[in-house]
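Subject: Structure handover

Hello,

Here is the structure you are taking over. Please open it beside this message and follow along.

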Amino acid sequence: MMVLLEAHRAGLFARNQWLPNIIAGLVVGIVALPLAMAFAIASGARPEQGLYTAIIAGALVSLFGGSRVQIAGPTGAFIAILAGITAKYGISGLQIATLMAGIILVLMGMMRMGSVIRFIPSPVIVGFTTGIGVIIFVSQWHDFFGLPPVSGDHFHEKFWQLIQSLPQLHVPTLALALIGLALTIWAPRFHYLARVPGPLVAMLVTTLLQAALQLPGVATIGSAFGHIPTNLPNFVIPDVTVSQSIELIGPAFAIAMLGAIESLLSAVVADGMTSTRHDANQELIGQGIANIFAPLFGGFAATGAIARTATNIRNGATSPIAGVVHAATLLSILLFLAPLAAYIPLAALAAILFVVAWNMSEIHRFMHILKIAPVADRFILVITFLLTVFVDLVVAVNVGVILATLQFLRRMSEVVETQPVATETVNMELAQHNLPTIPPAVVIYEVSGPMFFGAVENFEHALVQTHTLPEVLIIRLRSVPFIDMTGIQTLAQVIEQLHKRNVRVVLCEANQRVRTKLEKAGVLRAGALAVYTQQFVDAVRQNTPPIINTH
C-alpha cells in the first residue's frame, strides 16, 4: 500500500485528479481487452483466462506495486516461455508455476534485489526480446494464414513445417487477417480514430465482417474455445505435491526472472514519462502478490506491460486509480459482453500479435548494437538471440548474463594495476614533512582498483616476479576500495613467498573496510608471515619512518 500512501501525500487523490485517471483507466482497459485474450491464446490458455489475469493482476499491482501508473497483465514477453510450460505441464502446471513465481518475486523484493535486476546488460535484454518477437511472429502464422496445425518441440521444426504448408493457406482467413493488420497499424492515423486503439478497431471490424459474411472455414474464439463465461471463476487453491514443486521450480524461476525484468523496465519507462521514481523492491513485491493470486482465480503469469503503461500515462494517468479502473473496465466487459467474444476471428488476434511482435523485437536497437557496440557485446547479443529462438528463453538469459558477467570481470581486471612508486615521488611527500628520504633498500608498490578474484593474477605477477629483492617492500592500499577472499588469500601467499626470500612487507593506508577483512583473515597478524602494518600517512605525520618494525 506504500504507493497509495505516496500518491495520497502527493495530492493525487484530490477531486480534480479523479476524472483524468478514470478516463485513462477506461482507455487502457479497452486497449487491454484484445491483447489479454490474444496473449492468453498464444500462451496455450483460454481467452477468458487472459481477462482474469488482467483483472486480478492489474488491480493488485496498482494497489501493492512500486509505481503509481504501472499497468500489469499478460504480456508478449511471456508468450514463448508460458506456451512451452503449458505444452509440457498443462494449464494447471502453468498456474502452479505462476504461484511459485509469485512467492519468489515477493522474496526477491523483501531481500531488496530490485536494484540488482536492473543491472542486466542491454545486449542480453535486447537479444532475448528480439528473439521473443521472432517466436511470437512465427507462432501466429497458423492463425494468420489459416494453416493446418504443426507439431514439433523445437522452433526450427515448426518453422519448416509452416513454410511447407504455406501453399495450403486459407484465403478468407488471410483476407480478414490482412484487414486486421492494416487497421491495427493505420487506424490511429486517421483523425476521427486517433483516440481509438488500433487493436480494438481491428478486432471490432473483423468481427463484424465475419458475423455478417459468415465466411466458411474461418476460425473464431467460439469455434476454437466454445462459450466464454460471464463471471470470474471461484477462488481455488491448487493441489500441489512436493514432486510437482520440485519439477516446476525451474519454470517458476524463469517466470519470476522474466517478470521482474519486464516489470522494472516498464517502471523505468514510466519514470521517464512522468518524472517520478518508482520503488523497485516494492514493485517486485506487488508483482509477486499479483502472480500469487492470479492463478487462484483462473489466471496465469502477469507482469508490467510497457505499452499499456505508456498508454495509461499518455491519457492522463497520475495515480493508481487508473490501474484499478482499468481492471474494473475489463471486469465489466467480462460480465456483460463476454458472449460477443465468440465471434472474434483468431486471424484478427494473430494480426494484433504480429504488430506486438514487431514492436517487441526492437529491430532498430538490435541493429544499432550490432553496428556500434564492442565485439564482445555484439557476440553476447547474437548468442542470446540465437539461444532464445532455437533453444530456450531460460537458457538464453542465463548464458547471456554469464557471458556478460565474464566480460565485465575481464574489463575490471584490466583496470586493476600494481605499479612501483618512484622513489622521487615518495621523497617529495616525505620532504613536505621534513622527513628523511626512503633508504635504497626500500621499494614501494601501490595497488589501484579492487582486489577481487578476477584481478589477483596481475597483482601476484607484479610482486612475486619482481627482479629486485629489497629488504623492505611497502604495499600502499589507499586506492583499493574492497578486497574479496581470493584477493586476501593471494596477498597472504605473496607475503609468505616474499618472506621466504628475506623480504619484509609493510601494508599501509588500507581503508577501514579492507583493514577489517585483512585483520579477520589473520593477514595482519605479526608472526608467521612477518607482516607489519603502519599507516603511511600517519607515519609521516608523526615524523617517524614509515618502515618501522621491519628489521
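Predicted model: local features only at pLDDT ≥ 70, side-chain atom pairs only at ≥ 80, totals over all residues.

Residues are numbered from 1 along each chain as its sequence is written, and side-chain values use heavy atoms, with hydrogens and water left out.

Confidence

The score here is pLDDT, the predictor's confidence in each residue, from 0 to 100. The protein has an average pLDDT of 85, and 91% of the residues score at least 70. Over residues 526–551, however, the pLDDT is below 50, and this stretch has 65 contacts in the model beyond near neighbours in sequence. Contact means heavy atoms within 4.5 Å.

Two helix pairs

Helices (H or I, at least four residues) and strands (E, at least two) are DSSP runs, numbered from the N terminus. Two packed helices are described by the angle between their axes and the distance between the axes. The axes are lines fitted to C-alpha atoms, for helices over the stretch in contact, and the angles run from 0 to 180 degrees between N-to-C directions.

Helix H2 (residues 15–42) and helix H3 (residues 47–64) have axes that come within 7 Å and cross at roughly 120°. H2 and H3 are therefore oblique to each other. Angles under 35 degrees count as roughly parallel, over 145 as roughly antiparallel, 65 to 115 as roughly perpendicular and the rest as oblique. On the H2 side the contact is made by Leu33, Ala36, Met37, Ala40 and Ile41, and on the H3 side by Pro47, Gly50, Leu51 and Ala54. The contact of H2 with H3 has eight nonpolar, one polar and no charged residues. Ala, Val, Leu, Ile, Met, Phe, Trp, Tyr, Cys and Pro count as nonpolar, Asp, Glu, Lys and Arg as charged, and the others, Gly among them, as polar.

Helix H12 (residues 242–274) packs against helix H14 (residues 306–314) at an angle of about 20°, with the axes 9 Å apart. H12 and H14 are therefore roughly parallel to each other. Their crossing is right-handed. Among the H12 residues that meet H14 are Glu262, Leu265 and Val269, and the H14 residues include Ile306, Ile313 and Arg314. The contact of H12 with H14 has seven nonpolar, three polar and two charged residues.

Histidine 326

Is histidine 326 buried or exposed? Histidine 326, in helix H15 (residues 321–337), is buried, with a relative accessible area of 0%. Buried means under 20% relative accessible area, exposed over 50%, and partly exposed in between (1.4 Å probe, protein chains only). Leaving aside neighbours within four places in sequence, histidine 326 is in contact with residues including Gly25, Ala54 and Ile71. Isoleucine 22 in H2 is 304 residues from histidine 326 in sequence, but 8.3 Å away in space, C-alpha to C-alpha. Isoleucine 22 is partly exposed, at 31% relative accessibility.

Two loop residues

Most residues other than glycine have a negative phi. Glutamine 214 has a positive phi, near 50°, and lies in the loop between helix H10 (198–213) and helix H11 (221–225). Asparagine 502 also has a positive phi, of about 60°, and sits in the loop between helix H22 (485–500) and strand E6 (504–508). Glutamine 214 is exposed at 52%, and asparagine 502 is exposed at 68%.

Regards

Note on methods. Left-handed = near helix turned anticlockwise from the far one by under 90°.
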